[in-house]
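Let us walk through this structure together, one side chain at a time. Take a moment to look it over before reading on.

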Amino acid sequence: MNPDFYKTSTNFKDYINGNDSLRPFYAEALSPDWKKLCENVHQNFKRQDVVLELRNQNKKSNDSSIQKNVDLLKKEKTLIVVTGQQMGLMVSPLYVVYKTLSTIKLAEKLNKEVDGFNFVPVYWLEGEDHDFEEVNHLNYFDSAGLLQKLHLEENEAEKGLPMNKRLLGQDIEELLKSLKENLQKTDFSDEFFVNLEKIYKKGENWLEAFSNHLSIIFSGKGLLLFNAGTKRIKELSKPFFEKVIIENESLVSAFSRRSNDLSKAGYKNQVNIQNDRAYLFLNHNDGPRLSLLRQNKSFYVRELDEQFSLEQMLTMLDENPSWFSSTVLTRPLWQSWLLPAVSYVAGAAEIAYWGQLKSGFNQLGLIMPQIQPRHSITLIEPKIDRLIKKYNVTINSISRDKTIFLKDYFNRNQLANVNKAFSDYEQLTIKNREAVKNLVAEIDPTLSGPTEKSFGAILSTIEKLQNRLVNRVREKDETTQKHLGAIFNSLMPSGVLQERILSSVYLENKYGQEWINTVYNEIDENFQHHLVVKI
């Protein structure tokens, strides 16, 4: 059962429930015929040179679990369970971790259940994303339990550049200092900050820092990392981008038709399809990442005020493949072109826009993978667990609104006696009113109006007294309010799902590696409902 504070879209609910009206928008059911899908992916996959590059990117790791999966990639029938996400500062927020754990778990399940194939989990590093404001910050609870936010300033010279071309600035050292001063000191803090200070240094590449941190968190779990933005991968990807450029109008039309069908079926489009967009980015002359538009059978970059013919675009691609990158709609296609992906692990919003992509896969002759929902999790720390038990709070009934949560609690508990007493009095007054009204009607009907008015005044006075007593109970019980506030703030910091705001650094510092192992052991291979996990 999902708690009240966990809300999802209709698209996501119907996908989880296998609704017949949504099913045609995905190539595979949530629980597909895995053996058949694996055979299909295996038979249609041709890019062993990319698999070799994936092996090369991971072969220097000292983690034996990674080396085991690197070796598995040498085998013919090895397929991939893949996920990816923007590279939030210090692996933020927590749902990045949950997405990755879900990927590892699904790969394990398939290795146990599907004969004749091997499966490895892969994290696609979104190094070509350029939205700095989306990834430049982290949130954590300080030693007093208060939510704090730290962020890095954008280097003016790097504006518009992909994250894989950005370097950490001087302010990373100040950020680390502030984090160290404000986080609770624990048995894990010294080692944790030694590692952080090795990873996050002035001049360090953003992608490398994120990758190294991710590797520490998932040590021993066999997770392979894939950087699709390397020079070698871009060279290998020229045929894909060439096809997208040549067939661009047809491809975008396919997206548009599918999106219209989704709307007609009663579902919201997560991505608004714009028919003048090529759904590619161009880093012209290795500059800022700019959106490529289509105009009069040609391609156009608004910021450069420059138009390119089809021939010019293909020549540019041939000479400078590193200038080209995918968007939210073409990245899934590129992913399946590059890798033998049998499943993609996605969040709710991603699942929604994957429903717009099926005809795009068909247009390019690609196999659309099964889409696996990531786990959604709220963690309960020991102190918060004690408070929940002390006040007998039912987690599943917690509102997303802190004021409503507090009001509901007092109405059900400390104020129950007050409310019952006044309710009983009100009912008795109403009963007596009827008896008096009947008596007045017999003796002097002209007094009926004043009688009704008098009883109305009595009830109004009683209601005011009740409200004053309710407020006084709340004012007197400041400790209870403080403790209830701590529960709410831990589960829903700033009124937002914990997994969408809190950074992993808070938990790494406080609980070491044990917190990730606890979550790993608590979740199964399939998402069923939002989980509450005690750590």
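E134 sits in helix 6, residues 132–135. Helices (H or I, at least four residues) and strands (E, at least two) are DSSP runs, numbered from the N terminus.

Please keep in mind that this is a predicted model, in which local features need pLDDT of at least 70 and side-chain atom pairs count only at pLDDT 80 or more, while totals for chains, interfaces and linings use all residues. Residues are numbered from 1 along each chain as its sequence is written, and side-chain values use heavy atoms, with hydrogens and water left out.

Stepping back, the protein chain holds 23 helices and 14 strands. Its C-alpha atoms fill a box of roughly 105 × 55 × 55 Å along the principal axes. Of its 535 residues, 53% count as buried.

Now for the charged pairs. Side chains of opposite charge can pair when their charged atoms come close. A salt bridge is a side-chain nitrogen of Lys or Arg within 4 Å of a carboxyl oxygen of Asp or Glu, and a search of the whole structure finds 21 of them.

One of these joins K297 to E249, with the closest N and O atoms 3.0 Å apart. K297 belongs to the loop between strand 7 (290–295) and strand 8 (298–301), and E249 to helix 12 (residues 248–264), so the pair ties together parts that are 48 residues apart in sequence. K297 is exposed, at 68% relative accessible area, while E249 is partly exposed at 41%.

Which side chain meets D385 in a salt bridge of 3.3 Å, N to O? The partner is K389. Both lie in helix 17 (residues 382–390), and because they are four residues apart, about one helical turn separates them. D385 is buried, with a relative accessible area of 14%, whereas K389 is exposed at 56%.

D385 also forms a salt bridge with K534, the closest N and O atoms being 3.4 Å apart. K534 lies in strand 14 (residues 531–534) and D385 in helix 17, so this pair ties together parts 149 residues apart in sequence. K534 counts as partly exposed, at 48% relative accessibility.

Key: Buried < 20%, exposed > 50% of the residue type's maximum accessible area, 1.4 Å probe, protein only.
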